[in-house]
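The tour below goes from one selection to the next and says what is found at each stop.

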Amino acid sequence: MNLRRVKAIAKKEIIQIWRDPRSLMVVLLMPLMQMALLGYGVNLDIEHVPICIFDREGSQQSESLMKAFQASVYFNIVETERDYDSLKRAIDGGRCKMAIVIPPDFSEYLATRNSARVQAILDATDDNTANIARGYAESVVETFSNNIEAKRLQSLGQQPPNTPAVAQYRVWFNEDLESRDFIIPGVVAIVLALVGAQLTSLTISREWERGTMEVLASTPVTSAELMIGKILPYFFVGMLDAAFCLAIAVFWFEAPFRGSAFTLLATTALFLIVVLGVGYFISASIRSQVGASQIALLVTMLPTTLLSGFAFPIDQMPPPVQAVTYLVHSRYYMTILKAIFLKGSGLGDLLAPIGALVVFALVVGVLATRAFRKGLG
Amino acid sequence: MSFEARRGEILGFLGPNGAGKSTTIRILCGLLRPSGGRAEIAGIDVARYPEKVRANIGYMSQKFSLYSDLSVGENLRFFGGVYGVRGDRLAKRLAFAVNMAGLKDREDTLVADLSGGWKQRLALGCAVLHEPAILFLDEPTSGVDPASRRRFWDLIYSLAGDGVCVVITTHYMDEAEYCNRIALINAGKLAALGSPSELKRSAIHGEILLIEGDDPGGMLEALEGSPGVHDVAPFGSSLHIVVDDATRDQPAIEALLKQHELGWSRIEPIKPTLEDVFVQLVGGDRARAPGS
């Protein structure tokens, strides 16, 4: 390993990054755009579900049930219907996800039999939203009927019924159960995985395309020197991007940050090395810039969004898919980031995922040097 | 193929497209792994110690291969760093290369803004920055105007004069004449090796008659395979005919042309050119002159 040669390559690469406005744009704007898109776009909380109400009675009782729905943050009453036809159109047209139908004998049944039925019609094209909306609707109706029961007993001069056992919840780490607090650190991981691989994916294929690789290969530069010299400038660019994204996560999206900045930077640097190595490996294997960039996007995008535990919990996946997730580098960084942000974990708590990333870095490094050698033969 | 090249020598690789000229050079530079055999550069085995060899060679590929988005000086300093040239020596070599390329006071110009001849001389400057013992030039003059080509050859001569061994592939016959020795390569084999005059002497068995006329195609047809004619090859609008003795055989050929009612404007014995050698040794597809 000759450090002067590494330095010469790194210097050349820095000049080239600086002179290529296209790659500068990728470097600076892509992370910003992705942070905004994913940070605002991905929201797993279901609130303000648009619903319509078809009140067939128009009594005081039905009015107060309507008000109960109106008061809930989970629902937004966007329409009141006069018949089943318009209700059907509201759901078919996608204006409402759920329709509540209050029967004409609602208050009568409540008064005489102490039991009445309310119909909920759900648009279950998105089964997850439908399920959650149904759950919320049930709880709104349950609270409503508990209130009626309590009033009835009170008017009879009796005590409200006792509930023998009540569970008391204490939520740790994400006290408000805000999915955003959990999503935002994950968004940082995704953005870094994507941008990092893009950064280095062009560096070797560009030399092949422009014909400079032949001459470079005829010099005494070794493949390890070339790799380090080329990755080094992008490492600093990547760290800049990382700091950028983390700052947006903490200060703009106000994700709770409980860990230490040192742990965060150290693990981020490690992850960046892995990601840049992946991009370099792709670049060394594929000789066209467009091809390398596309492949880099494909290989990082899908596994990082689907298999890293970003939005879909890994322990809910079928075992074969779970096994595959061990091969996804961002899975480990995702774990690390969420732990540092939400739990305030230190390096000592994170030895397993850190170890996995170190192994990744070594494997990618060896693969990348070998891919380049093969490319020459 | 087996050959040696000496210090201060200009060895030319001549051969049709796809003959293996570039492949040979790439093996010698350690860019390709040989499927068999052995190549040594300055006594070092290329396949075994490619990195050591690379410190002793300079290479210019067919394609223009400097960084267009870097300036003249940045390119030179980059190759200086990669070859481990530094300090006073770097300053001296930079000045030498800039002078050689004729780019004095233009060190800050982006290479993309240079014209072909300058780019090519700068590439040569980068390739010799570390004073290599051997310089490999793979068709360095393709796509460059004749005046720049001439200037480029002056540089090659002066490098050879300094003791550099230059191995060069070319398409151009006139360039081949400039070489000390020529290795004629055909179908991956060394067809002939020697100085241009040696090749002309040994490859042409007999003498050459040049005929110029209105219908070279008809003449070619008439003469091919007739007694006393060893070979006929078209050269532009004229024909080169290989015979045993030009003065003796000329009347017989004139008679033959008259018999076929073919007129000629000129017929005379000439000295063989490298192109004659090429046609003789490479043979086969005569219509395809080298490089076309």
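Start with Ala187(B), which sits in the loop that joins strand 7 and strand 8 of chain B. The model is a predicted one. Most residues other than glycine have a negative phi. Ala187(B) has a positive phi, near 50°, although this residue is not glycine. Is Ala187(B) buried or exposed? Ala187(B) has 12 other C-beta atoms within 10 Å, so this residue is exposed.

Next, select Glu139(B), in the loop between strand 5 (134–138) and helix 6 (146–161) of chain B. Here too phi is positive in a residue other than glycine, with a value near 45°. Glu139(B) is buried, because 21 other C-beta atoms lie within 10 Å.

**The domains of chain B**

Colour residues 10–199 of chain B as domain 1 and residues 202–282 as domain 2. Taken over C-alpha atoms, the centres of domain 1 of chain B and domain 2 of chain B are separated by 38 Å. Where they meet, domain 1 of chain B contributes 13 residues to the contact and domain 2 of chain B contributes nine residues. On the side of domain 1 of chain B that touches domain 2 of chain B, select helix 7 (173–178), strand 7 (181–186), strand 8 (189–194) and helix 8 (196–203) of chain B; these are the elements that give two or more residues. The residues of this side of domain 1 of chain B are nine nonpolar, two polar and two charged.

**A helix pair in chain B**

Now show helix 4 (residues 87–101) of chain B together with helix 5 (residues 116–127) of chain B. Their axes come within 8 Å and cross at roughly 155°. Helix 4 of chain B and helix 5 of chain B are therefore roughly antiparallel to each other, and the crossing of helix 4 of chain B past helix 5 of chain B is right-handed. To see the contact, select Ala97(B), Met100(B) and Ala101(B) in helix 4 of chain B, which meet Trp118(B), Arg121(B), Leu122(B), Gly125(B) and Cys126(B) in helix 5 of chain B. Sorted by class, this contact of helix 4 of chain B with helix 5 of chain B has six nonpolar, one polar and one charged residues.

**Where chain A meets chain B**

Show both chains. How many residues does the contact take from chain A and from chain B? Chain A gives 21 residues and chain B gives 22 residues. On the side of chain A that touches chain B, the elements giving two or more residues are helix 1 (3–19) and helix 9 (212–217) of chain A. Helix 1 of chain A gives the most to this side, with eight residues. By class, the residues of the side of chain A that touches chain B are seven nonpolar, seven polar and seven charged.

**The domains of chain A**

Colour chain A by its domain assignment: domain 1 (3–43 + 178–376) and domain 2 (49–155). The centres of domain 1 of chain A and domain 2 of chain A, taken over C-alpha atoms, are 49 Å apart.

**Helices of chain A**

Select helix 7 (residues 179–201) of chain A and helix 10 (residues 223–252) of chain A. The two axes come within 10 Å and cross at roughly 160°. Helix 7 of chain A and helix 10 of chain A are therefore roughly antiparallel to each other, and helix 7 of chain A passes helix 10 of chain A in a right-handed crossing. Among the residues that meet are Val188(A), Val191(A) and Leu192(A) from helix 7 of chain A, and Tyr234(A), Val237(A) and Asp241(A) from helix 10 of chain A. The contact of helix 7 of chain A with helix 10 of chain A has 14 nonpolar, three polar and one charged residues.

Move to helix 8 (residues 203–210) of chain A, where the buried residues are Thr203(A), Ile204(A), Ser205(A), Arg206(A) and Glu207(A). After helix 8 of chain A comes Gly211(A), with a positive phi near 80°.

Finish on helix 11 (residues 261–285) of chain A, which holds Phe262(A). Phe262(A) is exposed, because 10 other C-beta atoms lie within 10 Å. Ala284(A) is also in helix 11 of chain A. Ala284(A) counts as buried, because 30 C-beta neighbours lie inside 10 Å.

Key. Residues numbered from 1 in each chain as written. Chains lettered and ligands numbered in written order. Predicted model: local features only at pLDDT ≥ 70, side-chain atom pairs only at ≥ 80, totals over all residues. Domains from an automatic or database assignment. Contact = placed C-beta atoms within 7 Å. Helix = DSSP H or I, 4+ residues; strand = E, 2+ residues; numbered from the N terminus. Nonpolar A, V, L, I, M, F, W, Y, C, P; charged D, E, K, R; others polar. Buried ≥ 20, exposed ≤ 12 C-beta atoms within 10 Å, placed from the backbone. Axes fitted to C-alpha atoms, helices over the stretch in contact; angles between N-to-C directions. Parallel < 35°, antiparallel > 145°, perpendicular 65-115°, else oblique. Left-handed = near helix turned anticlockwise from the far one by under 90°.
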